[in-house]
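Colleague: I have just opened this model and would like to learn how to read its features. Could we go through them one at a time?

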Amino acid sequence: MSREGLINLALGLGLLAFPLWAEWAEEPFMITLSTRVAILALAGVGLNLSLGLGGLVSLGHAAFFGIGGYAMGILASHAQSYTPIFEWPLVIEGTKAMPVIWLVAIAAAGLLALAIGALSLRTSGVYFIMITLAFGQMLFYFAVSWPAYGGEDGLSIYVRNAFPGLNTLVPLQFFLIAYALLMAVLGLAALITRSPFGLALDAARQVPVRVETVGIAPYRLRLIAFVISGMITGLAGALYADLNRFVSPAMFNWQTSGEIVILVILGGTARLFGPVAGAAFFVALEHLLGGVSDYWRIYLGLVLLAVVLFARGGIVGTLAGREAADG
Amino acid sequence: MSFSLFVEQLLNGLQLGVTLFLTASGLTLVFGVMGLINLAHGSLFMIGAYAAAAVAGATGSFLLASAASLAAAAAAGALIEMVVIRRLYSRDHLDQVLATFALILILSEGTRWIFGSFPLYLSIPDWLAGPVTLPGGIRYPLYRLTIILVGLVIAAGLFLLIARTRLGIRIRAGESDREIVAALGVNIAALYTIVFAIGAALAGLSGALVGAIQSVQVGMGEPVMILAFVVIVIGGIGSIRGALIGAILVGVTDTLGRAMLPDLFRLFMDNSAATSVGSALASMLIYVLMAAVLIVRPTGLYGARGA
Amino acid sequence: MKARSLLLAAGTAVLMAGAALAGPVKIGMITTLSGGGASLGVAIRDGFMLAIKQSGRTDVEVIVEDDQRKPDIAVQLADRMVQSDKVDILTGIVWSNLAMAVVPSVTAQGKFYISPNAGPSALAGKGCHKNYFNAAWQNDNLHEAAGAWANTAGFKNSFILAPNYPAGVDALNGYKRFYKGKIAGEVFTKLGQKDYAGEIAQIRASGADSVFFFLPGGMGIAFLKQYADSGVNLPLVGPAFSFDQDILQAVGDAALGVHNTSQWNKDLDNPANKAFVAAFVKEYGRLPSLYASQGYDTANLILSALDKADVKDADAFRAALEAADFASVRGKFRFGPNHHPIQDIYVREVVKEGDVYTNRLVGVALKDRGDAYAAECRM
């Protein structure tokens, strides 16, 4: 097993072991924090597909994160108040079943990513960064001023949604759901990376011309990658909303996009388990520094700066060496 | 809407656009020359405003305050360039985004640490206060006219700087081929520090000028930074002319959208629905404009290169 | 856990009769202490801690955490305080959207939440809860008072504006609930907007005789400065938020003479208020703000209930809170059926005392005002 493989194994087991320890030590909040890590990592895995593999720096993934959150919020709030979402042309009821909510979140995020991607991928480089940011901001202002689902106040869901056979209100059980999804999606991401599609995408990132000469349109490759990426981040958004039992336009904020980008870079761009390491590091920093002083964000900034200046390749990249950066 | 109100709103849009240009010009200069995405540009805007507020509070002079904003932001910019930014030129945009995001955290909270959590006082000097009457009977604040004038002077100054001066020649040369310029004996490191300091000074000055009619507080730079990015992306990154045109386009679109969209929707909706739908759309309008421009022209109106 | 635990030591603490002391009472305070909105959270915390300090109680532990003005962070802090710190009471949230995220979940878990500021309509009406108390106001209150005062001032044709978000919509509805004149124009601005040239031009063209505005924080500072410089001289009226002690200094002359509505002012003539203002100036070296007064009242409300009942006995403690048996800096204070205040709301005018901009009382806008949502509340 390569060094990166060992690190990945350690990260995967560590993320599982920590909440199990917390359960034993009766520290339920540590389980909640671990769940947050798993969900943010999931969002990061989604972004990593477009950013690491496709070279598409999106500063608008909050759009997908938020749409996933609102898919959960809208479905659950209608189920909570026993009012249908649509009565015409056919009656569509809300639901509290997690699997249904996930599917809706994934589909909604996928459609949104298809629309945003189809338009944004005409640009590249900084223009791509900024046009994705613009779409994110559009959705943010829309959500803030759209009164039907709470506007800036957001939507509270009083009881966490249900998963067959589990009690999702128990912190550890909800963590296990998030963890299982994260592992499944990591497996999927590994498959995509090694598939002919992934290899072509990687080649399109490095030498677009060469891909075109063998008859593959880089635009289509990138669009597919962007849509898959958006769907994964949308799923993470639905879970995050369930973790907090609350959705609000803050999920659409550009800072949310920024934070997802940050945890991917922190962990190591294009590294399979990079987002896991990045999310764990970011959440731990926020938790540990929060009590130091009112001005704790200065220290957060200094740590982030140190990582980007002195630990190139992020946490996984630094630990694993550079050998497998593109593998 | 009467014709004179429409003209006044156009003027307001122009004024907002010029204000945006002040902030965006430094950003586009830095990007054009060094290829650097500087998310912390808004923090330099804030530093300028705080320096101006501090000096105006101590001396009562608005001119001294403006000078202080230039000096403080330029000094902060030069320092940041030498300590951090310099290491980022060879990195990809991702690292630049993360590092300059970290700088926002440090500079914002550092400012709050020094000046406290409460907003500071900075106001228009007496000799620029109050409205004047324009031809056509429009009463318009003198200070806003001054901002338009200062913005246009700075735009002209930047054109001249780049087209006519030795520094401008080096900047243009550095944009196209930095190795050759370095081989010709130009100190690239010093050149970059100077350019970054100029960009920072422009941000700082606009912070002081804008701060006088808005609010001087921590976090004031972030919305401005996003708008400045919208402006330079619409205009084409690296182009001063593009930044000016883009800024005016954004300013006019935003102002007219806010003023007219709710009325437009009232034509076919009831009053309160039109107000809320129109306002919601107005707040998204500049992003719609930006997306539309990029879809038609993927490198902005005057953009030359794709990166 | 890294919470800043402020365990208060007082040498001569006397155990109050009736308060069963199984262990320290833990109060969790989630408020905004970093970023642009920090000034409000700092004021609430300072007012709150002053009251705790004055009480001299050693058995009250306050855990203060920064929510960064992010709803998700606030929810997670609330989870931590309930799950790990095992707090009995939560308080501190500044913003309505954060309150909406936190309050339903903590009250559902059987904890008490006492709001020192935000009072969204949803929590006053259908979403009210027996363990939720608001010690400040229902969000509409100050706007309603502005509408009532507009009638007294003889306004017949108001131009009204607020940001386009739920609190902004509530503000305009609150004003219209009491205001009897015509509306010259109604504008929703962009949240966070800082340039109001376009709106001021609309005001000038609308033929209005007065302007009502609700633009909290930096938005209000920007609007007031630009309005003063525009040459439009229509009278302004608004809620106290844009005329608060902590931001008035940043507005300066542009605010002078403007009337605003508030449930408190530093010159309210009652002993509790005089003592509070003097003690706050002595402790922190600045005049207290509206938010500080609310933090102070919130703490004294909690302390008064702790004197009467054990917090573990939820029914008794709730009854003690409902009695609101404390010396409020507002003078009269009692709770309505939905646990929101019934109180007088005053009109203030911005004046300059020496070098300091502040407010003086002008009159009462609404007497014994409750709120418009109490009838919808079923506890």
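Colleague: Let me begin with a salt bridge in chain C: with which residue does Arg177(C) form a salt bridge, and how far apart are the closest N and O atoms?

Modeller: Please keep in mind throughout that this is a predicted model. In it, Arg177(C) forms a salt bridge with Glu144(C), and the closest N and O atoms are 2.4 Å apart. The pair links distant parts of the chain, since Arg177(C) belongs to helix H6 (residues 166–178) of chain C and Glu144(C) to helix H5 (residues 141–152) of chain C, 33 residues apart.

Colleague: Is Glu144(C) buried or exposed?

Modeller: Glu144(C) counts as buried because its relative accessibility is 0%, and the cut-off for buried is under 20%.

Colleague: Which other residue forms a salt bridge with Glu144(C)?

Modeller: Glu144(C) also forms a salt bridge with Arg369(C), where the closest N and O atoms are 2.8 Å apart. Arg369(C) lies in strand S14 (residues 356–369) of chain C while Glu144(C) lies in helix H5, so this pair ties together parts that are 225 residues apart in sequence. Arg369(C) is buried as well, with a relative accessible area of 15%.

Colleague: Which residues of chain C are linked in a network of salt bridges?

Modeller: Such a network links Arg45(C), Asp46(C), Asp246(C) and Arg286(C). Over all chains, the count comes to 36 salt bridges by this rule.

Colleague: Turning to a serine, what does Ser39(C) touch, leaving aside residues up to four places away in sequence?

Modeller: With those sequence neighbours not counted, Ser39(C) touches Ser117(B) and Phe118(B). Ser39(C) has its place in helix H1 (residues 38–55) of chain C, and this serine is buried, with a relative accessible area of 7%.

Colleague: Now for an interface: how many residues of chain B are in contact with chain A, and how much area do the two chains bury?

Modeller: There are 43 residues of chain B in contact with 38 residues of chain A, and the two chains bury about 4,000 Å² between them, 79% of it on carbon and sulfur atoms. The count of salt bridges between chain B and chain A is zero, although seven residue pairs are in polar contact across this interface, both residues being at pLDDT 80 or more.

Colleague: Which elements of chain B give two or more residues to the side that touches chain A?

Modeller: They are helix H4 (93–115), helix H9 (221–235) and helix H11 (271–296) of chain B. H4(B) gives the most, with 14 residues. Sorted by class, the side of chain B that touches chain A has 28 nonpolar, eight polar and seven charged residues.

Key:
Residues are numbered from 1 along each chain as its sequence is written. Chains are lettered from A and ligands numbered from 1 in the order in which they are written. This is a predicted model: local features need pLDDT of at least 70, side-chain atom pairs count only at pLDDT 80 or more; totals for chains, interfaces and linings use all residues. Side-chain values use heavy atoms; hydrogens and water are left out. Contact means heavy atoms within 4.5 Å. Buried area is the accessible area (1.4 Å probe) that two parts lose on being put together, summed over both. A salt bridge is a side-chain nitrogen of Lys or Arg within 4 Å of a carboxyl oxygen of Asp or Glu. A polar contact is a pair of N or O atoms within 3.5 Å; within protein, one must be able to donate a hydrogen and the other to accept it, and residues adjacent in sequence count only if both atoms are side-chain atoms. Helices (H or I, at least four residues) and strands (E, at least two) are DSSP runs, numbered from the N terminus. Ala, Val, Leu, Ile, Met, Phe, Trp, Tyr, Cys and Pro count as nonpolar, Asp, Glu, Lys and Arg as charged, and the others, Gly among them, as polar. Buried means under 20% relative accessible area, exposed over 50%, partly exposed in between (1.4 Å probe, protein chains only).
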